[in-house]
Amino acid sequence: MKGYSRAQIALHWLTAVLIVASWITHEDMGRALRARLVEGADATPLHVPIGIIVFVLVVIRLALRFWQGAPEPVSGSPVMRQAAIWGHRLLYALMLLAPALGMAAWFGGIREAGELHEAVSNALMLVALAHAALAIWHQYWLRDGTLTRMLRPES
Ligand code: HEM
Ligand code: HEM
């Protein structure tokens, strides 16, 4: 496979935007969870549906990736290529785990899952920030077209 498909590119940017939206809407979730579990409150903060959509989109993304494949890293030594592949696997794992733990806390009432959810979500944001910085470095310093192929589909 030479590049990412139109659907893979659309899903990449949509998930990125919605993960940032999950991040922005997280405030007060600790209180909302306590209200739900202790007082039986039935309000649903925006954070919940946004996070669930992220989970669903990531599952679709992974199915598409197994079906369509993904291009090899554009440039770099064998070690750097492996780092890119494992970095992307780590991002996928965190993108699944963060909302899954959120759902376990919200729907399953598991308090410990809520604490883990916070830690995993923080890790996801840090790794995603590093990932975005690396993508920009590839594009503008190494000039190897890494960012271009996440913007322009190629079959
Ligand atoms: C990628 C998706 C998500 C991200 C990045 C994310 C991020 C966060 C962050 C950063 C917090 C910490 C808030 C604090 O400072 O107390 C939080 C809390 C929380 N989130 Fe999410 N979240 C996501 C998806 C979800 C989903 C799908 C649900 C439930 C259906 C959910 C439910 C909760 C709950 C219940 C808390 C409070 C946890 C606690 O205080 O123990 N989140 N989320
Ligand atoms: C929450 C934010 C983000 C997440 C979770 C994320 C996640 C991912 C993942 C998992 C891949 C691997 C795709 C695959 O091979 O199936 C990827 C690829 C890519 N991402 Fe992101 N991304 C995010 C934001 C960004 C941003 C802001 C940029 C640009 C500044 C960016 C640029 C790229 C590029 C260029 C690729 C292709 C890398 C390659 O061809 O080797 N991403 N992203």
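This is a predicted model: local features need pLDDT of at least 70, side-chain atom pairs count only at pLDDT 80 or more; totals for chains, interfaces and linings use all residues.
How much of the chain over residues 122–142 is helix, and how far apart are the end C-alpha atoms?

**View 1. Residues 122–142 and 46–64.** Residues 122–142 are 100% helix and 0% strand. Their end C-alpha atoms lie 29 Å apart. Over residues 46–64 the chain is 95% helix, again with 0% strand. Here the end C-alpha atoms are 27 Å apart. An unreviewed UniProt entry lists both stretches under "transmembrane region", along with residues 7–26 and 90–110.

**View 2. The iron atom of ligand 2.** Two histidines coordinate this iron: His-12 and His-131, each through NE2, at 2.0 Å. His-12 sits in helix α1 (residues 6–24) and His-131 in helix α5 (residues 111–142), so the pair ties together parts that are 119 residues apart in sequence. Ideal angles for six octahedral donors are 90 or 180 degrees.

View 3. Are they buried or exposed? His-12 has a relative accessible area of 13%. It counts as buried because that value is under 20%. His-131 has 27% relative accessibility and counts as partly exposed.

**View 4. Surroundings of ligand 1.** Ligand 1 is surrounded by 21 residues. The closest are His-26, Gly-30, His-47, His-117 and Ser-121. A side-chain N or O atom of His-47 lies 2.7 Å from a nitrogen atom of ligand 1. For His-117, a side-chain N or O atom is likewise 2.7 Å from a nitrogen atom of ligand 1.

Technical notes:
Residues are numbered from 1 along each chain as its sequence is written. Chains are lettered from A and ligands numbered from 1 in the order in which they are written. Side-chain values use heavy atoms; hydrogens and water are left out. UniProt positions are given in the numbering used here, feature names are shortened, and annotations may be inferred rather than shown by experiment. Helices (H or I, at least four residues) and strands (E, at least two) are DSSP runs, numbered from the N terminus. Donors are N, O and S atoms within 2.8 Å of the metal (3.2 Å for Na, K and Ca); water is not among the atoms, so sites may look incomplete. Buried means under 20% relative accessible area, exposed over 50%, partly exposed in between (1.4 Å probe, protein chains only). A residue is near a molecule or strand if one of its heavy atoms lies within 4 Å of it. A polar contact is a pair of N or O atoms within 3.5 Å; within protein, one must be able to donate a hydrogen and the other to accept it, and residues adjacent in sequence count only if both atoms are side-chain atoms.
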